[in-house]
Amino acid sequence: MEEGEEVTIAEDQRVVDISLKDLAKKLEEFAKARDWEKYHSPRNLLLAMVGEVGELSEIFQWKGEVDKGLPNWEESDKEHLAEELSDVLLYLIRLADICGVDLGDAATRKIVKNAIKYPPKAC
């Protein structure tokens, strides 16, 4: 997403569950509607995603360890975190789509590989 770009979603229009493929389609439509496809090369998307990872890292910088669920965080800080996490996710999905990678399939295969590589310890 471009800096300053906002999409308003009414409370009753929130999507509870959406697939990676549906998100990829929405991102493709978003880019087409703005004639941004020419800028969405793998390199550009990767660099944009890395920038967003940096912004995500800044949120945690100097905080030390934080508790699961972020119980001591203000709601505005949690909302900011959600926005930065979403930016990273959306760039990752767009990058995978542009590269012809089925991210859901790739992630599922990776989980299986990791399960074989790192089997549970016997008690």
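Mentor: Helices here are DSSP runs of at least four residues, numbered from the N terminus, and the model we are reading is a predicted one.

Trainee: What places Lys32 and Glu28 about one helical turn apart?

Mentor: Lys32 and Glu28 both belong to helix 1, which covers residues 20-33, and because they are 4 residues apart in that helix, about one helical turn separates them.

Trainee: Why is the contact between the side chains of Lys32 and Glu28 called a salt bridge?

Mentor: The term asks for a side-chain nitrogen of Lys or Arg within 4 Å of a carboxyl oxygen of Asp or Glu; for Lys32 and Glu28 the N to O distance is 3.4 Å, so the pair meets that cut-off.

Trainee: How do you know whether Arg94 is buried or exposed?

Mentor: Buried means under 20% relative accessible area, and Arg94 has 4% relative accessibility, so Arg94 counts as buried. Its salt-bridge partner, Asp97, with 3.7 Å from N to O, has a relative accessible area of 35% and is partly exposed.

Trainee: How many salt bridges does a search of the whole structure find?

Mentor: The search finds 6 salt bridges, including the one between Lys32 and Glu28.

How values were computed
Residues numbered from 1 in each chain as written. Predicted model: local features only at pLDDT ≥ 70, side-chain atom pairs only at ≥ 80, totals over all residues. Heavy atoms only, no water. Helix = DSSP H or I, 4+ residues; strand = E, 2+ residues; numbered from the N terminus. Buried < 20%, exposed > 50% of the residue type's maximum accessible area, 1.4 Å probe, protein only.
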